Number of protein chains: 2
Amino acid sequence: MDEHLLPKKMALPIFASDALSSVAYAPQELLMILLTGGLAFLAFSPWIAAAVVVLLSVVVLSYRQLIKAYPSGGGDYEVARKNLGEVPGVVVAAALLVDYVLTVAVSVASGVDNIISALPGLDPARVELAIGFVVVIVLINLRGVREASLVFAIPTYVFIGSVVFMIGTGLVRTALGDPPVASSAEFAVQAESLSQAAVILLVLRAFSSGCSALTGVEAVSNGVPAFRRPKVRNAQTTLTMMGGVAILLFAGLTVLALVSGVHYAEDPCTLVGFDCENQPQPSLMAQVAAATFGMGSIPFYLIQGATALVLLLAANTAFNGFPLLGAVLARDGYAPKALNTRGDRLVFSNGMLVLGLIAIAVLVIYQANLTTLIQLYIIGVFVSFSLGQLGMVRHWRRIIRATTRIEARRDPASGIERRGAITGLVINTTGATFTATVLVIVTITKFTHGAWLVFLAIPILAMLMLGVNRYYRDVEHEIRMDDEIHFGSDGDVALVMVSRLQKPVLKALDYAVAARHDKTIALHVATDHEDADALQEEWKAHGIPLPLVIIDSPYRTYAGPIGEFIRRYREKNGPAVMTVYLPQYIVGHWWETLLHNRRSRRLAQQLMLIHGVTITLVPWLLDSSELIYGRRSRPVPGQERAGRPYDPVENFEHAEHSSLERPEL
Amino acid sequence: MDEHLLPKKMALPIFASDALSSVAYAPQELLMILLTGGLAFLAFSPWIAAAVVVLLSVVVLSYRQLIKAYPSGGGDYEVARKNLGEVPGVVVAAALLVDYVLTVAVSVASGVDNIISALPGLDPARVELAIGFVVVIVLINLRGVREASLVFAIPTYVFIGSVVFMIGTGLVRTALGDPPVASSAEFAVQAESLSQAAVILLVLRAFSSGCSALTGVEAVSNGVPAFRRPKVRNAQTTLTMMGGVAILLFAGLTVLALVSGVHYAEDPCTLVGFDCENQPQPSLMAQVAAATFGMGSIPFYLIQGATALVLLLAANTAFNGFPLLGAVLARDGYAPKALNTRGDRLVFSNGMLVLGLIAIAVLVIYQANLTTLIQLYIIGVFVSFSLGQLGMVRHWRRIIRATTRIEARRDPASGIERRGAITGLVINTTGATFTATVLVIVTITKFTHGAWLVFLAIPILAMLMLGVNRYYRDVEHEIRMDDEIHFGSDGDVALVMVSRLQKPVLKALDYAVAARHDKTIALHVATDHEDADALQEEWKAHGIPLPLVIIDSPYRTYAGPIGEFIRRYREKNGPAVMTVYLPQYIVGHWWETLLHNRRSRRLAQQLMLIHGVTITLVPWLLDSSELIYGRRSRPVPGQERAGRPYDPVENFEHAEHSSLERPEL
């Protein structure tokens, strides 16, 4: 097992793609919001970026504490559930599920945006491209890729390397007096004049958008079990490295964008001089890359390719996280059990399909529009950040209380633990304060920009989870063994449903006879008198030594007359458990199911509602099923039961103890 | 039964809505095609309209013969199948199915067009309106309306009456020197100059489009069994009346449109002076009505309302015809048997849903564009007309041959029959020649205008039907009783699947014991050792006197280890029929199925593939199921098995004959 554990140099790219890829859109969104106020507002951007960097550092430090305290990989959900209770735990789970969906949507939308920035001809197929990528990612994941493979590590390192190289080149060129100039630097911006309150709101909005750089930081805390020993230390180091790289890239890109004069507008038509009708607005990453290396140069395409790839990898990580969280929730009884079922390739395929479908729906509804999607994204992220940190505060306070008691017993080890807990408390309190403040800011600034939808979705999801939990608890209670329960059925009658005398029916009769019920009755529901008479003739002709009962069905229904027969039989002969034998076709191709009636299946469902009835399905494998299952129901050479000619007496040799006379009804 | 039969005055509106409603679009399409050549081409229109009238008369006469010869209501499908053979029969069926779909699409599109002509504000919602109407019609039909109700008769009579009144008013006004003038009369038309060949083609195309007036004529021939006695005579009279009314309306509307100068263009933007950007082009019916009575007058709205209603009724008739034909095809083995299954309200609901879905798809794909849809429509209509008539020719020739032989025996009755057959032969030969000629013309003129799709669809459908038939024949052959078949299984072992010791499992154990198998084994597939140990403890604690076998499943699969157990059991103890007991939950709400694993269902499917295995489903009705099914599986007061405290020995009193020791494996 241990050899599958990740060294730090593999863990970094695998867990960092989500967090690092967010620098592909965070600086862009930050500058874009500021620019809606006019070019002068860009002066705020270094300060806002600095605030984001501080916040990022605090969150990284906070998560180092979380890793230490909860190395099981349960993340914010586990922390909130254990420390704050069921409801906050479920709310965090709901926020995380929403986040996973939006990670996919935002990452794919940004990835496609960066591809289109390099290849503008693809612009008309934006949504289709996004859907296509989601479908490909779902298919790859359904086949069960190993997350730890090198394929996932290389693009992240290429991305880090090339972006760092670009930032370096850009800054050196600036220092040498030849700063890169973005293609949009010349465009003026239409802007309205803002009141003082509106200015503050705009700055806060820009900060909120910049906070999208923090998304994905929590990934390492969910992956601790995958690290090499010492797990906690290695995970913490990786998290710190990831934080450092993220800060470097975020700050570097923001500076370079400002230096090269990137003007990125929410509505490209407000850029005076930009032909917004006929061309897509290139992403900030593409504009910086083009300014630094030249549009169409090889490094430009390298940067765009690596950016798109790392964004798609970030989307891919959600396909690991969502199904896993779904399985944990299903195990805890908060989500349908089907999410805890592994598919053929041992992946949680149901969760993957659900995530894929919802992400596609979100991409279609929002037309893969990055800015709108990010509005939705940040809320969920900060809900789980804040509740997770709050849970950590509770956690440390509990430990401090516990060690206070133990310290009375003068245990030096608990003194060390206590000091660690106090440090943790300070860090996580700071983290909780910061993230909660940001959550308030994000809520205020983004609510009317679409975030209300997330505010609706998270409580609805949380309530659904609680409802699911109550349902499972009720069912569990209902079926639990108790001292009141007492079964003790008796009587044993087999009813073999006969529509026409064909081999599947004969097989069912044979099995019913082999099971030696007290009484075996062949039952035909007559919807057509001629058919019924013909069946009776044939029955006699083949000399089948079992009673054939024919019951009328004037309305061409089946379950009703059978139920009536069972009722009258019991009235006359006393209570008995009824086993209804139904032949079932097993087919070899999916389309064959369209050609067979679902009557037998529906009948089984209806008969199961009758008291004391069990359904026995006798399969008949059609020849076509041999293609996929390697066998069929026809006697074939070598089968035990082949080799003797048909003989009704021998065929039903066990039938003697069954009643041979027709039951009087 | 007889009182449900239709008098002529009810049969006419019910069977005629399809045929009569086609005059709402036939004159419009005829004039529209001519107008693409320029205003001068309108001079051809009386001659083309006359040709359509002649054709309509011939087809009506031909169908009178068909009614006489095949009064069973089988229509063209029956005639072609009986006289021309299987393949032509299937082709006619395919053409008819396509026709039913297009009847819905064309009628609804035209109905919506006429509604929009009266209320132009609805234009942006054209497709949505069309889909909405189809959905409403499907829902009404799923509830099972009586076709013969008065609701269906009134709109047809209102339509006939109001249109006849409009034609009369218009002609009287013209005679008095005050002809109505259409709003489009002043618009000039942009047209290209045409070569002589193109002129001929254009005239033929206009004729083809005018032939859409013939659609629906066959409806009476499918409804003969619903007529009062004498059925054939009454149906023939009704058909003739319908033909007369159709000719009157078609000719009258064409004349009135020409008199009032209606200029209806395929592309409204080619009308010089018409603001095609901001308003929809009113239908010919609306233009004539507005010219005659004044735009916005009460008679104008009456005409438009009656037209839209009769068109929607025509769509409705397809929802009677398509499922019925589907059921006939299913009965004959050419379509999935599910089409021959009546739903809860005794209607063929599957056929209705299929028709509704395909019609909606067609409406969406063609954006409810009437002209395009009509191109597709006429082909199918004339394929079934032509093959039906050809079948009739064969039919009469066979009768003539037969009567020639009998006449040798000098039977006067056969002389009369022979004379009737000769008349029939003449009429149907004329009909076949005419309709086949029109089919050729329609094919030539419409092929590139979308009809190729129908030429693809009909053979594909026909081939699918033949394939379905071959499939059913093969299955029938495979399961047929023959002298080679010999069953005779023995051995009888019950395996009761136990996951946890809960009431549903206890019920399954109880039923298995009640069935007194030779051997009853409780089987637990252990995916978790702790759970397995706990189960074993509980098993002992409850003193259940049945062997509990625990088998390991290292890969968390179920079917594999169970199959392996069965194999090894049989190796050791000889062959035996294995009955696997699976507890099944029955739930009360659809959403509960989402919350229960499909594991048991999947397991049943997989185990049925193992040789000699039957599946017994033991239902456990959850409390919630009481809401809809009125019972649940918990012991309730009054149930036979309630009233005694739990006692393992009494509970399993029949278990003594089962092996109590754990089987060695």
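Me: How much of chain A is buried?
Reply: This is a predicted model, and in it 48% of the 665 residues of chain A are buried. Chain A has 23 helices and 7 strands. Take the contacts in chain A between residues at least 6 apart in sequence: 82% of them join residues at least 24 apart.

Me: And which domains is chain A divided into?
Reply: Domain 1 covers 2-471 and domain 2 covers 492-657. The C-alpha centres of these two domains of chain A lie 60 Å apart.

Me: Okay, on to sheets. How do strands of a sheet pair?
Reply: Through backbone hydrogen bonds, either parallel or antiparallel. Here you can follow an open sheet of 10 strands, with mixed pairing, in the order β5(A)-β4(A)-β3(A)-β6(A)-β7(A)-β7(B)-β6(B)-β3(B)-β4(B)-β5(B). The edge strands are β5 (548-552) of chain A and β5 (548-552) of chain B, each pairing on one side only. On average, and ignoring direction, neighbouring strands of this sheet are turned by 30° against each other.

Me: Let's zoom in on β3(A). Which strands is β3(A) joined to by bridges?
Reply: Strand β3 (residues 492-497) of chain A runs parallel to β6 (residues 577-586) of chain A, and 5 bridges join them. In that pairing, A:Ala494 stands opposite A:Thr579, while A:Val496 has A:Tyr581 as its bridge partner. Another 5 bridges join β3(A) to β4 (residues 519-526) of chain A, again running parallel. There, A:Val493 stands opposite A:Lys519.

Me: Which helix lies across β6 and β7 of chain A?
Reply: That's α21 (residues 599-607) of chain A. Helix α21 also lies across β7 (613-621) of chain B, and runs at about 160° to β6(A).

Me: How are two packed helices described?
Reply: By the angle between their axes and the distance between the axes. On the α6(B) side the contact includes B:Val127, B:Ala130 and B:Ile131, and on the α13(B) side B:Met352, B:Leu353 and B:Gly356 are among the residues involved. By class, the contact has 12 nonpolar, 3 polar and no charged residues.

Me: Last topic, the backbone. What do most phi values and peptide bonds look like?
Reply: Most residues other than glycine have a negative phi, and most peptide bonds are trans. Now look at the bond from A:Arg229 to A:Pro230, which is cis with omega near -10°. A:Pro230 lies in the loop between α9 (219-222) and α10 (231-260) of chain A. In chain B, the bond from B:Arg229 to B:Pro230 is cis, with omega near -5°.

Note on methods: Residues numbered from 1 in each chain as written. Chains lettered and ligands numbered in written order. Predicted model: local features only at pLDDT ≥ 70, side-chain atom pairs only at ≥ 80, totals over all residues. Pairing = 2+ DSSP bridges. Helix = DSSP H or I, 4+ residues; strand = E, 2+ residues; numbered from the N terminus. Axes fitted to C-alpha atoms, helices over the stretch in contact; angles between N-to-C directions. Contact = placed C-beta atoms within 7 Å. Buried ≥ 20, exposed ≤ 12 C-beta atoms within 10 Å, placed from the backbone. Domains from an automatic or database assignment. Nonpolar A, V, L, I, M, F, W, Y, C, P; charged D, E, K, R; others polar.
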